Amino acid sequence: MIWSVDYSDCADVLAHVQKNPHGHPRVVRQANVSRLLEALGRPERELRGMLVIGTNGKGSTCAFAVSAVAATGVQVGSMPSPHLQELRERIRVDGVPVTRAEYAAAFAEVWQAIEQHGLPVLAQGIYTATAAVHFRRAGVRLAVAEAGIGGSRAAAAELGLDVKVVTGIGLDHTRLLGGSLSQITRAKVAAAQDGDHVVLGRLAPEAATAADQVLKERTGLSVWRMDHEIHYTARAAGRGDDGGTTTLVDVFTPRAVHRDLPCPLSGAHQHHNLALAVAAMDSMAERGHIQEPYAERLRARLAATRWPGRLELVAHARLNDWTGRVLLDGATNPQGVATVAPEILRHARADGNSGPPVLVFAAMDDKDVSGMLAPLPDHWPLVLTRTDAPHAANCTTLHHRLSPDRRGPCLTAQNTLTALHQAAELTGPGGLIIVFGSHRLVGETRTALALPPV
């Protein structure tokens with residue numbers, strides 16, 4: 001029997017899976033990812049590449065890594081997580097999302113196997129299997145995969161990619177991963193397997209110690225650490241279109257020296273992410289998965305890197321008769337907000353509007369709301385809202401978690417579109433709206449602003 005589904009059906013099925021996990025323990029559903037891949041004929045068998053793990057910076061690091069690997073002249077598949085607007089954003093070839101028809105065809109093959117073999121699988125497992133099936137169909141042999149919340153328990157770890165990249169570790173998803181940096185690090189770094197090549201970003205001392213303890217339990221590893229085997233320097237090279245400073249980065253790895261690499265994404269933290277991605281590319285070359293790229297081609301591909309929803313400025317946003325600027329960032333924890341806060345403040349200073357910018361905020365129900373808002377001025381007006389994501393916090397919950405010392409006005413809105421209109425009214429024509437706290441909020445805002453999925 002040949003199955004087919006419409007693209008619109010895919011989201012409905014996955015929403016049902018997220019809301020109705022069949023009552024099976026998480027560990028059983030995780031084990032079923034491997035069984036599902038087996039039922040599909042091991043579509044990941046020919047894949048080589050990297051799995052990117054960490055608390056923050058995974059998406060940007062993956063975007064840079066795709067550009068770097070594609071500079072070698074090969075097709076590279078990628079699996080960003082989460083998607084912002086459409087499911088098909090989770091499967092990309094050379095950075096471009098698949099078509100709706102391609103996603104639906106791969107999804108149908110996966111869902112048929114789930115139904116036939118009676119395999120309850122979490123949504124992340126379905127996303128991973130669907131990507132693997134599409135890569136097999138498209139003849140893609142190199143992959144850059146982003147782990148979800150965990151590391152060894154992430155569905156993407158089942159792909160067996162032998163270069164592991166750890167961007168950094170922070171306190172997030174503590175209910176699932178543990179309440180300390182050490183516990184969270186162990187959960188994530190445990191994805192490294194015997195014989196892997198591991199690239200470690202900057203880690204706090206507690207996290208670095210825990211990572212070393214995990215890696216000592218493995219055999220045959222190659223390990224490159226930021227500020228040890230990997231180094232980078234960054235320097236200003238003019239002004240960008242958004243008024244920020246464009247930067248050139250030199251990256252030094254045990255394999256090569258890469259000079260004058262452009263970093264088109266905003267924020268000093270992106271220099272670290274770019275260096276990690278280039279080191280991961282060198283790791284893949286070290287393993288024989290790819291050839292070394294020509295320097296000019298590498299620079300050109302990196303310069304073209306875009307990653308929507310991460311300090312993304314919509315300079316001429318329109319909401320009905322309001323026009324102004326909207327700054328989008330998917331920071332989802334206090335560490336992430338603190339990292340991007342200097343860039344948010346820079347945009348606020350450059351606004352030129354008489355009043356302060358207005359914050360639009362939503363978050364999942366397990367988030368540290370006051371900690372996420374703390375890095376930004378507490379007199380800025382705030383609009384709290386709820387997205388349509390499962391486990392999104394409602395406005396009452398968000399309001400209760402605000403700091404009692406917060407000074408600025410606080411409004412609530414039943415949905416993202418209403419929140420944006422309230423923010424536009426508060427900031428006035430030509431003002432600045434800052435949207436953050438939830439990837440789903442960023443995606444719903446992009447849709448409200450008529451921005452296409454990219």
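Biologist: How do strand 12 and strand 13 pair, in the parallel or the antiparallel sense?

Modeller: In this predicted model, strand 12 and strand 13 pair in the antiparallel sense, over 6 bridges. One of the pairs to look at is Leu319, whose bridge partner in strand 13 is Trp322.

Biologist: Is strand 13 largely enclosed or left open?

Modeller: Strand 13 is largely enclosed by the rest of the structure, because 7 of its 8 residues are buried. Strand 13 is also joined to strand 17 by 5 bridges, and these two run parallel. There, Leu327 has Ile434 of strand 17 as its bridge partner.

Biologist: What is the order of the strands in the open sheet?

Modeller: The sheet has 6 strands in the order 12-13-17-14-15-16, and the pairing is mixed. Strand 12 (312-319) and strand 16 (410-413) are at the edges with a single partner strand each, so one side of each has no neighbour in the sheet. From one strand to the next, the twist averages 25°.

Biologist: Which helix packs on this sheet?

Modeller: Helix 15 does, touching strand 12, strand 13 (322-329), strand 14, strand 15 and strand 17. The direction of helix 15 makes about 150° with that of strand 13.

Biologist: How many bridges join strand 14 to strand 17?

Modeller: There are 4 bridges between strand 14 (residues 358-361) and strand 17 (residues 432-436), and the two run parallel. Val358 stands opposite Ile433 of strand 17. Strand 14 is also joined to strand 15, by 3 bridges, and these run parallel too. In that pairing Val360 stands opposite Val383.

Biologist: Which residues of strand 15 point one way, and which the other way?

Modeller: The general idea is that in a regular strand the side chains alternate between the two faces of the sheet. In strand 15, Leu382 and Leu384 point one way, Val383 and Thr385 point the other way, and all are buried.

Biologist: What is Leu382 in contact with, beyond its neighbours in sequence?

Modeller: Leaving aside neighbours within four places in sequence, Leu382 is in contact with Leu359, Phe361, Leu373, Leu402, Arg406, Pro409, Cys410 and Leu411. Its relative accessible area is 0%, so Leu382 counts as buried. Leu382 and Pro409 are 27 residues apart in sequence, yet their C-alpha atoms are 6.3 Å apart in space. Cys410 belongs to strand 16 and stands opposite Leu382. Strand 15 and strand 16 run parallel and are joined by 4 bridges.

Biologist: How should I read two packed helices, and at what angle do helix 14 and helix 15 pack?

Modeller: Two packed helices are described by the angle between their axes and the distance between the axes. Helix 14 (residues 416-427) and helix 15 (residues 439-448) pack at about 70°, and their axes are 9 Å apart. That angle makes helix 14 roughly perpendicular to helix 15. Thr416, Leu417 and Leu420 of helix 14 make the contact with Leu441, Glu444, Thr445 and Ala448 of helix 15. These residues divide into 4 nonpolar, 2 polar and 1 charged.

Biologist: Which residues have the most contacts inside the largest nonpolar core?

Modeller: In soluble globular proteins, nonpolar side chains tend to be buried together. The largest nonpolar core here has 44 residues, and Leu14, Leu36, Tyr103, Val110, Ile126 and Phe135 have the most contacts inside it. Elements giving two or more residues to this core include helix 1 (7-19), helix 4 (100-117) and strand 5 (142-146). A second, separate core has 40 residues, among them Val52, Leu265, Ala277 and Met284.

Biologist: Which residues have a positive phi although they are not glycine?

Modeller: Asp227 has a positive phi of about 75°, and its place is in the loop between strand 8 (222-225) and strand 9 (231-239). Asp227 is partly exposed, with a relative accessible area of 37%. Leu311 has a positive phi of about 50° and lies in the loop between helix 10 (295-303) and strand 12. Leu311 is buried, at a relative accessible area of 7%.

Biologist: Where is the cis peptide bond?

Modeller: The cis bond joins Ser81 and Pro82, with omega about 0°. Pro82 is in the loop between strand 2 (77-79) and strand 3 (92-93).

Technical notes:
Residues are numbered from 1 along each chain as its sequence is written. This is a predicted model: local features need pLDDT of at least 70, side-chain atom pairs count only at pLDDT 80 or more; totals for chains, interfaces and linings use all residues. Side-chain values use heavy atoms; hydrogens and water are left out. Axes are lines fitted to C-alpha atoms, for helices over the stretch in contact, and angles run from 0 to 180 degrees between N-to-C directions. Angles under 35 degrees count as roughly parallel, over 145 as roughly antiparallel, 65 to 115 as roughly perpendicular and the rest as oblique. Contact means heavy atoms within 4.5 Å. Ala, Val, Leu, Ile, Met, Phe, Trp, Tyr, Cys and Pro count as nonpolar, Asp, Glu, Lys and Arg as charged, and the others, Gly among them, as polar. A nonpolar core is a set of buried Ala, Val, Leu, Ile, Met, Phe, Trp, Tyr and Cys residues joined through side-chain atoms within 4.5 Å. Buried means under 20% relative accessible area, exposed over 50%, partly exposed in between (1.4 Å probe, protein chains only). Two strands pair if DSSP finds at least two bridges between them.
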